[in-house]
Each structure stands twice: as structure tokens, then as C-alpha cells.
Amino acid sequence: MQIYWTKINKIIEETPEVKTYLLDCPEGYTWEEGSHIHLALEGFNAGDKPNRSLIRHMSISTLPHENSIGITTRIREQCSEFKSILRNMEIGQEVAVFKTHSNVPLKREDKNVYLLSSGVGLATFRPLVLDYFERADNVNHIHSLNIDSSRDFLFTNIFESVPDKEFTSQFVDNRKDYYEEVKNLADDKDGLFYVVGSDEFLVQNIEVLREQGIKPEQIMLDKHEQSRPEFLNF
Ligand SMILES: Cc1cc2nc3c(=O)[nH]c(=O)nc-3n(C[C@H](O)[C@H](O)[C@H](O)COP(=O)(O)OP(=O)(O)OC[C@H]3O[C@@H](n4cnc5c(N)ncnc54)[C@H](O)[C@@H]3O)c2cc1C
């Protein structure tokens, strides 16, 4: 396994609680849309065993041609050791990235794609939407639905409906509106439904989608193939 140490080159304050860290792209390093990495902080491999409190899974919120690995995360006042270290990091400091993998590449199957997310879950979908804007082949339409009770919605310059490009985007701030909308979207019995958020969020979305007759193979989760059955009861 190759560990890449790389520098933070920019920190974007997306909202009062959400930051995007842009990391230099190590030479030869690439990824596909929907990818996540292991992000690790200095000292994570200092002992005999890796120190898990200094490692987190993070989605890559950028595409390779943006020339930076983007990591978008919410850092609340009360936070883990990992996030309190990250919060104080500055441009030029180093982090490690390793084990890149995408569970949720954009499926180009001539269908409508529904991107359902909660909070910073939207970061996982940013590169899918950018990839679609660059090349819409074999995707009929993309619709994004994001719930964020803080109302500080993310990436609103990209997640903005563009009818000409067959892209629509919706933000809601409460569960009632969110699940009502999921039910409406599930009227499309042939659509592909991507869901990103906490495990509890996945479970509730899957329940609503299944009740509406959406089949497990139409539901895409940011989970390894082996953990899908836990959620989808194949
Ligand atoms: C494939 C995959 C992709 C992912 N992508 C992303 C991503 O792009 N961005 C992202 O942010 N996360 C992502 N995650 C989740 C990420 O790995 C972390 O699990 C998540 O961000 C929580 O981080 P944390 O454990 O450092 O806790 P925190 O976010 O710091 O805390 C979690 C909760 O616990 C509370 N808490 C924590 N510590 C304390 C404390 N000491 N006292 C009181 N309350 C406390 C916090 O208030 C918060 O409500 C991804 C996970 C997977 C599996």
C-alpha cells in the first residue's frame, strides 16, 4: 500500500462549520468520481499499529483536472481529536492519503439518476455532477436532493438547476419535506438512487425507497460491496 504525504494548499470556509481542504496532487495520483480515501494526520503510523484516532475515511470532493484533492468536512465545536487537529492545520502542513476507491461512480445506463444526501454527504456527489456536466453520455437526467437543517447549503454554485443540461437540484431543511420528496422521486420506477449520509440516514432512505417499489439493485450506497447486504437484505 502506497502512502502519499502531501501538503494542504488551500482551505475554503464553505460555511461556518464546513471546510474544504485542498491538497496537492501527488505525482501520478489519480481517482474517479465518487472516490474516497483514508486521510491520516502526522503520527498516525508512529507506533507498531496505525493510530485509528488519527485516520478517517473522506470522500474526494474534486476531480483530478482541478489539480487538488478536495476534502470537505464538518467540524463542530465539540469534535473528535482528529477534527480538532485538522481545524488548526494551516496551508503548507502535511497530511497522508492512501487506499483510494470509488463505490459510487456515475452509472451511464440511459437512466435518470437521483442523488440523495444529507449535509456534507453532498461532497461525495460534487465530482459526479462535474463529470456529468463535462460528459452527459448515457445519463438522461440528474436530480440532487440534499437535506441540511443548518440551512447553510453547500456548493450552491454547482448544485443549481440547469434545465438545458438536464440537471435539477433541491435543498430542504427538514425531514418531512425531505422524505415527501424522496417518495415523489421514487415514482420513477426505473431510476438509479444514490444515497450518501450517516448509516441511520441510509436505513431510512432505503426503507422509503423499498416501500415505493425501488429494487435493491437500483440503490447505490457509498459502502463496500461486502457491506451492502447489511443495508439491502439481499
Ligand atoms: C466512504 C466514506 C466516505 C466519507 N466521506 C466523508 C466526507 O467526505 N466528509 C466527512 O466529513 N466525513 C466523511 N465520512 C465520515 C468520516 O469518516 C467520519 O466518520 C465523520 O466525519 C465523523 O468524524 P469524527 O469521528 O472525527 O467525529 P466528529 O465529526 O468530530 O464528531 C461526530 C459527532 O460526535 C460528537 N463528538 C465528537 N467528539 C466529541 C466529544 N469529545 N465530546 C462531545 N461530542 C463529541 C460531535 O459533536 C458530532 O456530533 C466518510 C465515511 C465513509 C465510510
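I sorted the residues of the shell around the ligand by class and recorded 3 nonpolar, 7 polar and 5 charged. I note at the outset that the model I am examining is predicted.

**Entry 1. The ligand**

I listed the surroundings of the ligand and found 15 residues. The closest are His57, Thr73, Gln78, Ser80 and Lys83.

I then looked up individual atom pairs. For serine 80, I recorded 2.4 Å between an N or O atom of its side chain and an oxygen atom of the ligand. For lysine 83, a polar side-chain atom is 2.8 Å from a ligand oxygen atom. At threonine 72 the backbone is involved: one of its N or O atoms lies 2.9 Å from a nitrogen atom of the ligand.

I next checked how far the ligand is covered. Its area when taken alone is 960 Å², and the protein buries 59% of that. I asked which elements give two or more residues to the shell around the ligand. They are S4 and S5, and S4 gives the most, with 4 residues.

**Entry 2. The nonpolar cores**

I turned to the largest nonpolar core and noted 25 residues in it. Those with the most contacts inside this core are Leu23, Tyr29, Ile37, Leu39, Ile69, Ile71 and Val97. Two or more residues each come from strands S1 (4-13), S2 (18-24), S3 (35-40), S4 (55-59), S5 (68-74) and S6 (94-102), and from helix H1 (81-87). The largest share, 4 residues, belongs to S6.

I followed isoleucine 71 in detail. Setting aside neighbours within four places in sequence, I recorded contacts with Lys19, Thr20, Tyr21, Leu23, Ile37, Leu39, Met58, Ser59 and Ser61. I also noted another core, lying apart from the largest one, with 24 residues, among them Val129, Ile158, Phe167 and Tyr194. As background, I recall that nonpolar side chains tend to be buried together in soluble globular proteins.

**Entry 3. Glutamine 204**

I located glutamine 204 in helix H4, residues 199-211.

Beyond neighbours within four places in sequence, glutamine 204 is in contact with Arg175 and Tyr179. With tyrosine 179 I found a polar contact of 3.1 Å between the two side chains.

Finally, I compared the position of glutamine 204 with that of lysine 10. The two are 194 residues apart in sequence, and their C-alpha atoms are 36 Å apart in space.

How values were computed: Residues are numbered from 1 along each chain as its sequence is written. This is a predicted model: local features need pLDDT of at least 70, side-chain atom pairs count only at pLDDT 80 or more; totals for chains, interfaces and linings use all residues. Side-chain values use heavy atoms; hydrogens and water are left out. A nonpolar core is a set of buried Ala, Val, Leu, Ile, Met, Phe, Trp, Tyr and Cys residues joined through side-chain atoms within 4.5 Å. Buried means under 20% relative accessible area, exposed over 50%, partly exposed in between (1.4 Å probe, protein chains only). Contact means heavy atoms within 4.5 Å. A residue is near a molecule or strand if one of its heavy atoms lies within 4 Å of it. A polar contact is a pair of N or O atoms within 3.5 Å; within protein, one must be able to donate a hydrogen and the other to accept it, and residues adjacent in sequence count only if both atoms are side-chain atoms. Accessible areas come from the Shrake-Rupley method with a 1.4 Å probe; for residues, only the protein chains shown count as cover. Ala, Val, Leu, Ile, Met, Phe, Trp, Tyr, Cys and Pro count as nonpolar, Asp, Glu, Lys and Arg as charged, and the others, Gly among them, as polar.
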